[in-house]
Amino acid sequence: MTYAYIRVSTDKQTVENQRFEISRFAEQEAITIDVWIEEIVSGTRAAKDRKLGILLRKIRKGDMLIVSEISRLGRRLMEVMSILNTCMLKGITLLTVKEHYELGNNIQSQILAFAFSLSAQIERDLISQRTREGLARRLASGQKLGRPLGSRNRKYKLTDKEKEIRRMLEQKISKSQIARQLKVSRNTLLAFLKRTTKPAE
């Protein structure tokens, strides 16, 4: 199957220019386009939230995807590289009309795959470095990290439900039924009651 993908950012733009460019290219290359996919959506929106995301999940090995230019896939570099990587992993040939890219089983695609993996690793390293620097700043300013040793969690699944539980107990509703209504196990309810019951003076 051969798919042609067209995207414009606003309804003031027209898809006709992209359709014309792709149609002329397909005619020159003797390619028959089976499915046209058009959408009006910003290129900054994630591919998964666009028709493109549906297409990428549907497309199969050996299929072909044609776009007028690489920016039609998205406006963020990592987003575009992720889409290209998905196409390569699935064995899809991607053609761009303006840049004359042909990404598939060739050296250009292998270079791109290496660039994507390197970019992803750099991004992970930067996130890790920012996290370490943030923790170091907090330690330097005297802030304690994590929960204090020996402290207990003060927020439980039934926190803020105590009045409701007491009301049901006063109505002689069984603990098992209360647990079912609150969508917790009977043991969770009993443990909560044990923690919140004040000892007799």
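Q: Which residues does S68 touch, not counting residues up to four places away in sequence?
A: This is a predicted model, and S68 sits in its loop between β3 (64–67) and α3. Setting aside residues up to four places away in sequence, the contacts of S68 are Q18, E21, I22, T96, V97, K98 and E99.

Q: Is S68 buried or exposed?
A: Buried means under 20% relative accessible area. S68 comes in at 0%, so it counts as buried.

Q: How far apart are the end C-alpha atoms of helix α3?
A: Helix α3 covers residues 77–90, which makes 14 residues. At 1.5 Å a residue, the helix should span 20 Å. The model agrees with that, because the end C-alpha atoms of α3 are 20 Å apart.

Q: Which residue follows α3, and what is its phi?
A: Inside α3, the buried residues are E79, V80, M81, I83, L84, N85, C87 and M88. After the helix comes G91, with a positive phi near 75 degrees.

Q: Is K172 buried or exposed?
A: Look for K172 in the loop between α5 (162–170) and α6 (175–181). K172 isn't a glycine, yet its phi is positive, about 65 degrees. Most residues other than glycine have a negative phi. Exposed means over 50% relative accessible area, and K172 has 73%, so it counts as exposed.

Q: What is the phi of K183?
A: K183 is in the loop between α6 and α7 (186–196). With a relative accessible area of 72%, K183 is exposed. K183 is a residue other than glycine, and its phi is positive, near 60 degrees.

Notes:
Residues numbered from 1 in each chain as written. Predicted model: local features only at pLDDT ≥ 70, side-chain atom pairs only at ≥ 80, totals over all residues. Heavy atoms only, no water. Helix = DSSP H or I, 4+ residues; strand = E, 2+ residues; numbered from the N terminus. Expected span 1.5 Å × (residues − 1). Buried < 20%, exposed > 50% of the residue type's maximum accessible area, 1.4 Å probe, protein only. Contact = heavy atoms within 4.5 Å.
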